[in-house]
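Here is my note on the model you sent.

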Amino acid sequence: MNSGSHHDKAVQLIKECGASATAARVQVLQLLLAANTTASHQALMQAATDEAQPLDKVTLYRVLDWLVAQGLAHSVTGQDRVRRFGVAHVHHGHAHFECDACGRLFCLADRPSAQPRTPPGFEARHIDVTVHGRCADCTHAGV
């Protein structure tokens, strides 16, 4: 997908929520759509700056929280305690892979195969599954 189609898709997804497609919302969702992995707040700030469209730190946090609340994005926290964001509409209820060498977090397309049983009377709302190991880049680099 090129940058124009990321922009169009971002506008479409936001409008489908019945919300206004503000410039900041579109820009942040477009950055998430363009990423091939989850991205931290800092990485998104850098990507916006690299595209000569810098974002205010507070605006970015607010937009990310809004996107998560709308179900357009999801967040996951890595072992380093850094919160990372990804596009949620791609696949719901998915697992993640965290590279122990470089720390990147990737969304996995497959849902976890089995839901653990909860004690009687408990109600599970969501499951967070993270697979740990080395990503392809680190494996090939011998890291």
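1. Accessible areas come from the Shrake-Rupley method with a 1.4 Å probe, and for residues only the protein chains shown count as cover. On that basis the protein chain has an accessible surface of about 8900 Å². Carbon and sulfur atoms own 50% of this surface. A residue is called buried under 20% relative accessible area, exposed over 50%, and partly exposed in between (1.4 Å probe, protein chains only). The protein chain has 143 residues, and 36% of them count as buried.

2. Ground rules. This is a predicted model: local features need pLDDT of at least 70, side-chain atom pairs count only at pLDDT 80 or more, and totals for chains, interfaces and linings use all residues. Residues are numbered from 1 along each chain as its sequence is written, and side-chain values use heavy atoms, with hydrogens and water left out.

3. Overall layout. Helices (H or I, at least four residues) and strands (E, at least two) are DSSP runs, numbered from the N terminus. The protein chain holds 5 helices and 6 strands. Read from the N terminus, the order is α-α-β-α-α-β-β-β-β-β-α. A contact means heavy atoms within 4.5 Å. Take the contacts in the protein chain with a separation of 6 or more: 45% of them come from residues 24 or more positions apart.

4. The sheet. Two strands pair if DSSP finds at least two bridges between them. An open sheet of 3 strands has the order 1-3-2, and its pairing is antiparallel. Strand 1 (39–40) and strand 2 (73–77) are the edge strands, and each pairs on one side only. Strand 3 (residues 83–87) runs antiparallel to strand 2, joined to it by 5 bridges.

5. The hairpin turn. Strand 2 and strand 3 form a hairpin, with 5 residues between them. R81 sits in the loop between these strands. R81 is not a glycine, yet its phi is positive, at about 70°. Most residues other than glycine have a negative phi. R81 is exposed, because its relative accessible area is 73%.

6. Is A52 buried or exposed? At 65% relative accessibility, A52 counts as exposed.

7. Helix 3. This helix covers residues 41–50, and H41, L44, M45 and A48 are buried in it. Seen down the axis of helix 3, the buried residues fall within an arc of 100°, so they line one face of the helix. The arc is that of the directions from the helix axis to the C-beta atoms. An α-helix has 3.6 residues a turn, so residues three or four places apart point the same way. Q42 and D50, on the other side of helix 3, are exposed. The cover over the buried residues of helix 3 includes helix 2 (23–34), strand 1, helix 4 (57–69) and strand 3.

8. Helix 2. How many of the 12 residues of helix 2 are buried? The count is 10, and helix 2 is mostly covered. Among the buried residues are R25, Q27 and Q30, along with V26, V28 and L29. From first C-alpha to last, helix 2 reaches 16 Å, close to the 16 Å expected at 1.5 Å a residue. The expected span is 1.5 Å times one less than the number of residues.

9. Helix 1. L13 lies in helix 1 (residues 3–16). L13 is buried, with a relative accessible area of 6%. Along the chain, L13 and L72 are 59 residues apart. Their C-alpha atoms are separated by 7.5 Å.

10. Cysteines. A disulfide is a covalent bond between the sulfur atoms of two cysteines. Here it is assigned to a pair of cysteine sulfur atoms within 2.5 Å. The structure holds 0 disulfides. C135 is in no disulfide, and the nearest cysteine sulfur, that of C138, is 3.7 Å away. C135 is buried, with a relative accessible area of 5%. C17 counts as partly exposed, at 31% relative accessibility.
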